[in-house]
Amino acid sequence: MLQNGFNALQSGNLAEAERISRLLIARQPHDEGALLLLAMSLDAQTRLDEAASMFQQLTTLYPQRAEHWLNLGYLERSRSNIGPARQALERAIAIDPQQAEALRELGLLETAAGLSQAAARNLTAALALLPDDPLLRAQAARACQRAGRNDESIALVQGWQQWTRGNPEALADAAWTAMESGDLQTADEALAFAEHRSPNNAGVIAKRAAFFERTNRLDEARALLARVPQHDESIKEELKVLRAQIASRSGDPNEAYRLYESLVRDERVAARRPELFFALAKISDARGHAEQAMNWLERGHQTQMQQLRASLGTAAELDAMLLPPAVVSPPDYAQWLPVEGPDAENSPIFVVGFPRSGTTLLETMLDAHPLLTCMDERPFIHNLVQEMRDRGFEYPGDLGRLDDAACEALRQIYWKQVREQTKAEPGKRLVDKNPLNMTRLALIHRLFPTAKIVLAVRDPRDVVLSNYMQIFRAPAYVRMCERIESTAQGYAVAFDAWNAWTRVLKIDLLQTRLEDVVDDVEAFSRRLCEFLGIEWSSAMVAFHEHAARRGYIATPSYHQVVEPVNRKGVGRWLHYSRWLEPAKVTLAPYVEQFGYA
């Protein structure tokens with residue numbers, strides 16, 4: 001009789017499967033097979049609360065059966081119950097460390113929560129158990145890319161023509177990883193191949209349309225979207241998001257707002273997609289509705305923090321993210337071993353600054369110069385911190401112990417990453433733009449002591465507001481930007497460290513203000529070239545045209561730098577002055593320092 005029930009379930013006769021399971025449970029309340037059949041039939045009918053109750057009963061009655069914990073974890077994840085899902089999946093893995101599907105589900109859960117390192121660890125562990133699963137390989141590659149394990153990510157994507165086996169979902173995921181790694185050719189080819197293999201696959205068409213939107217090819221994105229059935233339930237949510245993004249960028253904010261708002265009315269969608277609240281806030285801000293924008297932002301940050309708390313757990317782990325970086329004292333610096341380094345022309349040009357201060361604009365302007373080449377935001381300097389630790393050195397305390405040989409070895413690792421993981425053009429001076437490299441200034445100076453460093457500065461009140469209005473995925477940033485006050489504290493911590501380091505280190509620095517760029521692009525670009533010791537190029541004035549030709553730009557500002565310079569973001573904080581009130585005392589010293597008083 002039980003087999004008849006599973007046959008009914010498999011054939012889609014869910015009511016019959018449920019009827020049989022309940023008959024069996026009436027005779028034997030603890031019958032494992034009957035309870036499982038009932039749980040699965042309820043799940044298939046999307047009666048998720050009832051299904052969850054049955055899976056919980058199974059884990060209580062049979063606590064050493066990993067598959068029941070896996071099923072519970074999978075179901076709780078689909079209900080957006082992140083904490084219970086994580087606990088159930090971890091229990092499944094504890095019972096059976098070879099449970100590949102539990103490792104996969106946990107990795108995907110951590111991916112959604114922005115826990116990149118943990119996601120990469122669990123998805124690669126699952127892949128080791130299921131090496132021929134194309135979708136799992138694509139998921140592991142993307143997780144490695146997000147975790148900064150770029151060598152592994154590139155290796156996993158390589159040979160995609162063979163290992164994807166024409167699987168459209170795997171092709172689409174591999175393409176997205178290639179895009180985020182800067183390999184637009186591979187991304188375009190993989191998505192085109194996926195569409196060729198599955199021409200009517202709405203998910204593939206939507207992913208390719210998203211690729212075109214992300215690479216600033218809006219006309220092609222619209223044309224593809226027109227081919228997707230309006231009411232395709234399988235990707236209805238993704239299509240709404242994409243249509244909203246394109247509407248927002250095409251001058252139709254009312255339609256974008258309508259689409260986003262319809263999505264967040266569904267509590268389950270809202271619980272797993274905090275980015276929708278930030279998108280609504282952005283449109284509200286553009287319309288001049290400051291209070292409405294702040295209400296959406298509050299909901300967005302609350303949702304992100306709920307996800308983060310469910311993923312990390314303890315308050316101590318969250319608070320540890322706000323600890324100030326260590327700084328070396330002048331007496332300690334005086335004891336550093338003397339080392340030689342390359343001259344400025346053979347060193348990267350480093351563009352740093354607190355996020356949302358105009359670093360992407362600076363990078364794009366520099367990339368338009370025929371003698372310079374950029375590589376988008378890369379964690380290469382950050383990776384060298386781990387390299388130091390792997391070699392037995394603490395950062396930053398042991399920087400002074402690095403001799404010429406150790407410094408050269410780290411430089412070679414840096415240049416190897418540039419060669420193998422970027423499209424930076426050989427023969428041109430490299431621009432390394434990563435805002436938070438400002439917190440790694442000491443390492444930059446140790447390896448490239450004569451490097452030109454450009455610090456991007458913007459009114460601190462606009463910077464803090466812009467960060468609060470921006471969705472970030474990195475857990476430390478989610479925590480920092482939870483409130484206006486905590487965002488301001490993060491800004492203060494970063495610049496206190498910066499000021500301390502610049503008092504100790506002798507760096508070749510140009511401090512720039514975003515407002516100066518906006519006021520006179522040509523004058524600013526000439527000043528920038530003078531600092532770098534290169535002739536001015538008129539291409540730097542029309543850098544937005546160069547940005548549009550670049551395609552993919554891996555920062556939240558990707559849609560802004562393809563537009564001509566404007567003053568939209570200058571003085572925005574004035575519209576939000578009352579919400580910024582708690583942060584003004586914290587920011588006052590930096591408002592004074594950078595000349596905004």
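1. Starting with the cysteines: Cys481 is buried, at 2% relative accessibility. Keep in mind throughout that this is a predicted model.

2. Cys374 is buried too, with a relative accessible area of 10%. Its closest cysteine sulfur sits in Cys529, 12 Å away, so a bond is ruled out by distance. Looking over the whole structure turns up zero disulfides.

3. On to the backbone. Asp376 has a phi near 65°, which is positive even though the residue isn't glycine. You'll find Asp376 in the loop between strand S2 (372-374) and H24. With 8% relative accessibility, Asp376 counts as buried.

4. Thr46 is another non-glycine residue with positive phi, near 60°. Thr46 lies in the loop between helix H3 (32-44) and helix H4 (48-61), and it is exposed, with a relative accessible area of 59%.

5. There's a cis peptide bond to look at as well: Tyr395 to Pro396, with omega near 0°. Pro396 belongs to the loop that runs between helix H24 (380-390) and helix H25 (404-421).

6. Last, a helix pair. The axes of H7 (residues 100-112) and H9 (residues 134-146) come within 11 Å and cross at roughly 40°, which makes H7 oblique to H9. The crossing of H7 past H9 is left-handed. On the H7 side, the contact uses Arg104, Leu108 and Thr111, while H9 brings in Leu135, Leu136, Gln139 and Arg146. Sorted by class, that contact has three nonpolar, two polar and two charged residues.

Terms used:
Residues are numbered from 1 along each chain as its sequence is written. This is a predicted model: local features need pLDDT of at least 70, side-chain atom pairs count only at pLDDT 80 or more; totals for chains, interfaces and linings use all residues. Side-chain values use heavy atoms; hydrogens and water are left out. Axes are lines fitted to C-alpha atoms, for helices over the stretch in contact, and angles run from 0 to 180 degrees between N-to-C directions. Helices (H or I, at least four residues) and strands (E, at least two) are DSSP runs, numbered from the N terminus. Angles under 35 degrees count as roughly parallel, over 145 as roughly antiparallel, 65 to 115 as roughly perpendicular and the rest as oblique. A crossing is left-handed if the near helix is turned anticlockwise from the far one by less than a right angle, and right-handed if clockwise. Contact means heavy atoms within 4.5 Å. Ala, Val, Leu, Ile, Met, Phe, Trp, Tyr, Cys and Pro count as nonpolar, Asp, Glu, Lys and Arg as charged, and the others, Gly among them, as polar. A disulfide is a pair of cysteine sulfur atoms within 2.5 Å. Buried means under 20% relative accessible area, exposed over 50%, partly exposed in between (1.4 Å probe, protein chains only).
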